[in-house]
Amino acid sequence: MHLFKHCCLLLLLCLSLNAAADTPPVLHHVLQVTPDPATGSLQVEDTVSVPPNLRTNGEFAFVLGDAFQLDTPSVTTSAGRDYRIALAPEQTTVTLRYRGKLTSTPDCAWLTQACVLLNQRGVYLDAGAQWYPQAANALHTFELHVTLPEGWVSLSQGKALADGWQEMQPQDSIYLLAGKFHVYQQQGKHANAMVYLQSDDAALAQRYLQATEQYLAEYSELLGDYPYAKFATVESFWETGWGMPSFTLLGSRVMRLPFILHSSFPHEILHNWWGNGVYVDASQGNWSEGLTAYLADHRIKAQAGEGAEYRRSTLQKYAAFVGQGAAFPLREFRGRHDETTQAIGYGKALMLFHELRGEVGDVAFFAGLKHFYQRYRFQAATFGDLLTALGADQAWQQRWLTGTSAARLALSAASTTPQAAGYRVQFTLTQQQSGEVLPLVIPLRVQFADTKTVPHQATVTMTQTTQTFEVMLKEKPQQLAIDPDFDVFRVPDAAELPAALTSLYAKTPKTYVLSRKTDAAMQVAWETWLDTLKARDKKLRVQYDDQLLPETGTLVFLGRGFYTLALSLRMGQRDIVLLNASTATSLNNLLKKLPHYGKYSYVVFNSARGDNMAKGQWDVTDSPLMTTFSNE
């Protein structure tokens, strides 16, 4: 593993000298917009300033959604949504007038679906609705003036105008939201904090206003000034978790969960630096989700002393949902739409940044991020642009971005020998994954017989399939642990991990086992759920508990009891899951909430109210990457 470690000032100079000459063109819009919630129609007048580099043979070509009818003379259409309009040589603007009726998305499947809303619930329009003229590779600045029904308010990027919004920094999309929101705001040092709620709740709003100021201050200090005039938290029309430029859309249930303020919420704020402050050129993969997860979700856990547990959970999800069979390169990640894409685009990328930070050091890592942000602010950057700014050479980049392997480590032949000046520890590491040997920098920790002695921390560099190392110590060692804090991107041995409820969703063969003693009502409830699973998996196996159990795959036992619970156990290399519910209602609540508790070994819910009563992970006491030396 080779990394450039030149001075960051030289790196910044190189970046400025090699600034891209093909800066995207920028369209400026002055939009007069009138939505009609009663009919779902939208009327728009857009005066567009067209730069010279968006003119071809004297014409401006643009795209508009096929729901709209243009009222502007002299506009010609070439194919469907593609339009052209001739401009005089001295003409810098053109005014387009159009109207159309939009079909609202009834229940937004936001991970896989482009969503539109224009009815009496409210308005949500983004670039996918093509409600404003778009041109190839163009960014946008705008003034947005909105005529709304009485009692409605609007939201978009930028700063507020008397009747709308203005954003003069180049945007890759223009958003319009509107509805009967209760609006709360608080001017802070870095931006105006705002909260849009569908019902009056001053206490909830205040919590978000305070958290907004906290995280804007923290990330501005860490990365550079917040790039927008405001940040608004919006109670979404759907159960979404979206981070947009200068605002976030959180579902009604989601935003009221107490832990969201210090988990998902800062993640969405941070996207204003990564994704909505520096745009993603996805030709080498989407880098923003992994970087945001590392600097928000992981960083918060690490500050609380839980970084190792977070990384362990990240690697456990990768092992469960990817393994070797479903792996694809990071350069192919565009966005999350299932557990596999999340495990790679968020999890593997998160570990990339963690390892790179360990290689270059904190000072160079965060200085590189600041320079990258300053250099590419409101421009698109590739994964390679980011990694170069952080000091990674081309070979390192290629291994991470194009490779699909994850290391599998085994420890053997560990021994300690007294020496004249202390003790020598020898051990052998083997990479057991199929395919290429991966160059790894692997942390180790040695505990001493005298527990008052500070543990010895070191790293070893592994470049061969099997490699023997030795460490010289002054005091008698008691225990050796390899990568004890899960700092290396790898597939952990099952014995390193607590049994977890992710096994219920992992891509392994499963047998669902019904109890003969379950009453009729619960029998129907379980079978109804299993029918939905069978519709997605024709090979799914279901049997009763008095039949011979299979010897391979995951066993999922379905029962009935006083408590609503789920727990996972491991027998050798097999995972066993127990699901228990007392009523069909409590079962539905359990199944709805379980995906959010995948890292836990067990969870217990109140059967009547559905709230969580207990959760936890089993202790791991016998890791195969840990060995204890004899006291003799």
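Guide: Arginine 97 has a relative accessible area of 41%, so it is partly exposed; the word covers values between buried, under 20%, and exposed, over 50%, with a 1.4 Å probe and protein chains only. This is a predicted model, in which local features need pLDDT of at least 70, side-chain atom pairs count only at pLDDT 80 or more, and totals for chains, interfaces and linings use all residues. Residues are numbered from 1 along each chain as its sequence is written, and side-chain values use heavy atoms, with hydrogens and water left out.

Arginine 97 forms a salt bridge with glutamate 45, their closest N and O atoms being 3.0 Å apart. A salt bridge here is a side-chain nitrogen of Lys or Arg within 4 Å of a carboxyl oxygen of Asp or Glu. Glutamate 45 is in strand E2 (residues 41-49) and arginine 97 in strand E8 (residues 93-101), so the pair ties together parts 52 residues apart in sequence. Strands (E, at least two residues) and helices (H or I, at least four) are DSSP runs numbered from the N terminus. Glutamate 45 is also partly exposed, at 28% relative accessibility.

The structure holds 16 salt bridges. In one of them, glutamate 218 meets arginine 299 at 2.3 Å, N to O. Glutamate 218 belongs to helix H2 (residues 202-223) and arginine 299 to helix H4, so this pair ties together parts 81 residues apart in sequence. Glutamate 218 is partly exposed at 21% relative accessibility. Arginine 516 bridges to aspartate 546, with the closest N and O atoms 3.0 Å apart. Both residues are in loops, arginine 516 between strand E29 (510-514) and helix H10 (520-536), aspartate 546 between strand E30 (541-544) and E31, so the parts tied together are 30 residues apart in sequence. Asp483, Arg490 and Glu496 are linked in a network of salt bridges.

Helix H4 (288-303) comes up again, together with helix H6 (339-360) and E32, in what covers the buried residues of helix H5. Among those buried residues are Gly307, Arg311, Leu315, Tyr318 and Phe321. The 15 residues of H5 (residues 307-321) should span 21 Å at 1.5 Å a residue, and the end C-alpha atoms are 21 Å apart, which agrees; the expected span is 1.5 Å times one less than the number of residues. Just after H5, glycine 323 has a positive phi of about 55 degrees.

Next come the nonpolar cores. The largest has 76 residues, and Trp273, Trp274, Leu295, Phe353 and Leu369 touch the most other members. Apart from that core lies another, of 37 residues, among them Leu27 and Val94. A nonpolar core is a set of buried Ala, Val, Leu, Ile, Met, Phe, Trp, Tyr and Cys residues joined through side-chain atoms within 4.5 Å.

Two residues other than glycine also have positive phi. Glutamine 130 has a phi near 50 degrees and is in the loop between strand E10 (122-125) and strand E11 (139-146). At 16% relative accessibility, glutamine 130 counts as buried. Phenylalanine 378 has a phi of about 60 degrees and is in the loop between helix H7 (362-376) and strand E22 (380-381). Phenylalanine 378 is buried, at 7% relative accessibility.

Key. Contact means heavy atoms within 4.5 Å.
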